[in-house]
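Biologist: I have a structure open and would like to learn how to read its side-chain features. Could you walk me through them one by one?

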Amino acid sequence: MTKLLPVSLAGKLSPVPLAGKLLPVSLAGKLNVLKPLQADPALERKLDEIAIELTVYCNLKCKMCSVWELKEHGVPYDLARKLLKQARELGATTFTPCGAESFMRKDFVELVEYAHELGYRTQDIVTNGTMITDANLDRLAKCPSVYLHVSIDGPKEVHDDLRGEGNYDKSVECVQKCVERGIRVGLSGVLMRETLQHSFHLLDLAKSLGVKEVSFQPFQEEISGGDKDIPRFTLLRTPKARIAQKLEELKVHARELGVTIFTESMFGVVPDYLATGKRPIPPGGCYLPSKFLLVDFRGHIYPCFFMRTDNDRMGSVYEDEITDIWHSVHHKQLQILALTERCPGCLAACSDVDSFHGKEGNDVVYAEPIGHWLEASLEQTGFPSGKEVAGFTSGKEVAGFPSGKEVAGFPSGKEVTTGTSAE
């Protein structure tokens, strides 16, 4: 068998192409007469967005969420400013403060104002909208980059049962005040067993409040946590046709009202995700790790919200500079995993939403199911005992990369696996 040498190591050519093509060693000495292979633009693009988990404190104790139980603030103020400045220098134009309820931090609005001064064009802030003071709203109104996304789970009785008595009115009042001040604001809802039948309410409420955009995100078992009443919220084993019909009705109703659904492009793969737990990967791979960085509340740096294992952790902001991380070999490896359809798969408002446009179940690759979804998937889809999934055959090469060996020319000190469960 002809021995293969990674292109990136054969004569130290230009960065490795996306496909990670390999050349026979016998050609290595003749590369000076060949044209260098160009790097895929996705591996060379600038940072577009930084997300920082500023806090995992929350003033609410929502029944379907466990994040509020962590009760810890993220990086300190001065370090957060440093990260925002470095990310901006790398090209970032979007800042996403995240974690739990950002307004639990007393210095949060100051950080928002600083990000706006730096030139961030969008600051996507998810909030329950129950504790933003009028004074804070007045300050936010002076930062046109701010885009608040207020969580509403359904009609008042449904919302308050999940999030606490009286919180629906507080959230709606917050939205009204944002509209009055000209602050960009949208509504965000979670599609789960208790809310799916009430999902029209979010559209109707948006129309009545003068809000132009809503977002529907599928229920996330990871966020809920294993100690929660998962069967109460999950739509596992619900007929896919029933979910698909409801989503189609949502699209029609939204058009009738003139309200945009931000996550509509994902609706084609939502039924599989909710009913069987199949985790989709955008066709042609996910671009998010090629334009995004996440700093979690511990200061750990990851390529996205769902690639968060120890192997995905690229460093710590207490020890490393995000500029170095962005240009690191480890980051390139994780980019390639995502771009070659070998990431964990996800479906959320923070996903590579646009890449799912016009796609349905058979148009995408699926990652391996996990947790409660694994059991349901084995029952309903016939996956053979968690091994061969979505065409990833255990123990064999995937996308031309030798199993468990060097990937796209990266030395084995930073090995990237094939995405199979055999290793």
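Biologist: Let's start with aspartate 272: is it buried or exposed?

Modeller: Keep in mind that this is a predicted model. Aspartate 272 has a relative accessibility of 9%, so it counts as buried. Its partner in a salt bridge is lysine 278, with the closest N and O atoms 3.9 Å apart. Lysine 278 is buried too, at a relative accessible area of 15%.

Biologist: Which ring does lysine 278 lie over?

Modeller: That of tyrosine 366: lysine 278 lies over the ring's face, at 4.3 Å from the centre. Arginine 81 does the like with tyrosine 114, lying over its face at 3.7 Å from the ring centre.

Biologist: Back to salt bridges. What's the general idea, and how many are there in the whole structure?

Modeller: Side chains of opposite charge can pair when their charged atoms come close. Here the search of the whole structure turns up 19 salt bridges. One of them joins aspartate 153 and arginine 163, at 2.4 Å from N to O. Aspartate 153 sits in the loop between β6 (146–151) and α4 (156–163), while arginine 163 is in helix α4, so this pair ties together parts that are 10 residues apart in sequence.

Biologist: Are those two side chains buried or exposed?

Modeller: Aspartate 153 is buried, with a relative accessibility of 4%, and arginine 163 is buried at 12%. Look at aspartate 107 and arginine 105 as well: their side chains form a salt bridge at 2.8 Å, N to O, and both residues are buried.

Biologist: Which residues are linked in a network of salt bridges?

Modeller: Asp134, Asp138, Glu173, Lys177 and Arg181.

Biologist: On to aromatic rings. How do I describe a pair?

Modeller: You give the distance of the centres and the angle of the planes. By that kind of reading, the count here comes to 4 aromatic pairs. Take phenylalanine 103 and phenylalanine 108: their ring centres are 4.9 Å apart and their planes are at 80°, so the pair is edge-to-face. Phenylalanine 103 is buried at a relative accessible area of 8%, and phenylalanine 108 is buried at 0%.

Biologist: And what about phenylalanine 292 and phenylalanine 305?

Modeller: Their ring centres are 5.4 Å apart with the planes at 50°, so that pair is tilted. Phenylalanine 292 is in strand β11 (residues 292–295) and phenylalanine 305 in the loop between β12 (300–302) and β13 (315–316); the pair links distant parts of the chain, 13 residues apart. Both of these phenylalanines are buried.

Biologist: Now a helix. How do I work out which side of it faces inward?

Modeller: An α-helix has 3.6 residues a turn, so residues three or four places apart point the same way. In helix α6 (residues 200–209), the buried residues are Leu202, Leu203, Leu205, Ala206 and Leu209. They cover an arc of only 165° around the axis, which puts them on the same side of α6.

Biologist: What do the buried residues of α6 pack against?

Modeller: Their contacts are with α5 (167–181), β7 (184–191), β8 (213–218), α9 (240–257) and β9 (260–261). Glycine 210 follows α6, and its phi is positive, near 80°.

Biologist: What should I make of a positive phi in other residues?

Modeller: Most residues other than glycine have a negative phi. Lysine 71 has a positive one, near 50°. Lysine 71 is in the loop between β3 (49–55) and α1 (77–89), and it is partly exposed, with 47% relative accessibility. Arginine 237 also has a positive phi, near 70°. Arginine 237 lies in the loop between α8 (230–233) and α9, and is partly exposed at 41%.

Biologist: Last topic: how many disulfides does the search find?

Modeller: It finds 0. For cysteine 343, the closest cysteine sulfur is that of cysteine 286, and at 5.3 Å it is too far for a bond. Cysteine 343 is buried, with a relative accessible area of 12%. Cysteine 350 is in no disulfide either, and the nearest cysteine sulfur, in cysteine 346, is 6.1 Å away. Cysteine 350 is partly exposed, at 30% relative accessible area.

Note on methods: Residues numbered from 1 in each chain as written. Heavy atoms only, no water. Buried < 20%, exposed > 50% of the residue type's maximum accessible area, 1.4 Å probe, protein only. Helix = DSSP H or I, 4+ residues; strand = E, 2+ residues; numbered from the N terminus. Arc of directions from axis to C-beta. Contact = heavy atoms within 4.5 Å. Phe/Tyr/Trp six-rings, centres within 6.5 Å; stacked < 30°, edge-to-face > 60°. Lys NZ or Arg CZ within 6 Å of the ring centre and 35° of its normal. Salt bridge = Lys/Arg side-chain N within 4 Å of Asp/Glu carboxyl O. Disulfide = S-S within 2.5 Å.
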